[in-house]
Amino acid sequence: MAKTILAVDDSSSLRQMVAFSLKAAGYQVVEAVDGQDGLEKAKLQSVDLVLTDQNMPRMDGLELIKLLRELPSYQKVPILMLTTESSDEMKSKGRAAGANGWLVKPFDPQRLIEVVKKVIG
């Protein structure tokens, strides 16, 4: 059974690139256009990993992570930030919200797959 990843990003080209890379590596991908959409989709089905951008309309990545962590089914699901934000301050905010890892855009698809494999196999 393929593992499912929720990819949350307001850039459709970036979502497509992430989805393409992950699908090529054998993962199933659910795409969401922003944090609000991501939260709604996360409530509809369980996923093995959440990959989220930080800067998005309606709800940003940190808010999404905080809300996901409040759901019993998402307390142990790994969450990775995939964002242009790379400051230590942002990373510590991400960790405080419940993020497990950080990937900086522009991302290398091979690196993304390596990190995902490390986190969920």
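The legends below describe close-up views of a predicted model.

**Figure 1. Overall fold of the protein.** The chain contains 5 helices and 5 strands, which follow one another in sequence as β-α-β-α-β-α-β-α-β-α. The C-alpha trace spans about 30 × 30 × 25 Å along its principal axes. For 121 residues a compact globule would have a radius of gyration near 14 Å, and the value of 13 Å for the protein agrees with this. Of the contacts with a separation of 6 or more, 62% are between residues 24 or more positions apart.

**Figure 2. Surface and charges of the protein.** The accessible surface comes to about 6,200 Å², and carbon and sulfur atoms account for 51% of that area. Buried residues make up 50% of the 121 residues. There are 16 positive and 16 negative side chains, with the centres of the two sets 6 Å apart.

**Figure 3. The buried side of helix 3.** Helix 3 covers residues 61-70, and its buried residues are Gly 61, Leu 62, Leu 64, Ile 65, Leu 68 and Arg 69. These residues lie on the same side of helix 3, because they cover an arc of only 160° around the axis. An α-helix has 3.6 residues a turn, so residues three or four places apart point the same way.

**Figure 4. Surroundings of Thr 52.** Thr 52 belongs to strand 3. The relative accessible area of Thr 52 is 1%, so this residue is buried, the cut-off being under 20%. Neighbours within four places in sequence aside, Thr 52 is in contact with Val 8, with Gly 61, Leu 64 and Ile 65, and with Ile 79, Leu 80, Met 81 and Leu 82. Among these, Gly 61, Leu 64 and Ile 65 are also buried residues of helix 3.

Figure 5. Most residues other than glycine have a negative phi, and most peptide bonds are trans. Arg 58, which is not a glycine, has a positive phi of about 65°. Arg 58 is located in the loop between strand 3 and helix 3. With a relative accessible area of 61%, Arg 58 is exposed. The peptide bond that joins Lys 105 and Pro 106 is cis, with omega at about -5°. Pro 106 sits in the loop between strand 5 (101-104) and helix 5 (109-120).

Definitions and conventions:
Residues are numbered from 1 along each chain as its sequence is written. This is a predicted model: local features need pLDDT of at least 70, side-chain atom pairs count only at pLDDT 80 or more; totals for chains, interfaces and linings use all residues. Side-chain values use heavy atoms; hydrogens and water are left out. Helices (H or I, at least four residues) and strands (E, at least two) are DSSP runs, numbered from the N terminus. The radius of gyration is taken over C-alpha atoms; the globule rule is 2.2 Å times the number of residues to the power 0.38. Buried means under 20% relative accessible area, exposed over 50%, partly exposed in between (1.4 Å probe, protein chains only). Contact means heavy atoms within 4.5 Å. Accessible areas come from the Shrake-Rupley method with a 1.4 Å probe; for residues, only the protein chains shown count as cover. Lys and Arg count as positive and Asp and Glu as negative; His and the chain ends are not counted. The place of a charge is taken as NZ of Lys, CZ of Arg, CG of Asp or CD of Glu. The arc is that of the directions from the helix axis to the C-beta atoms.
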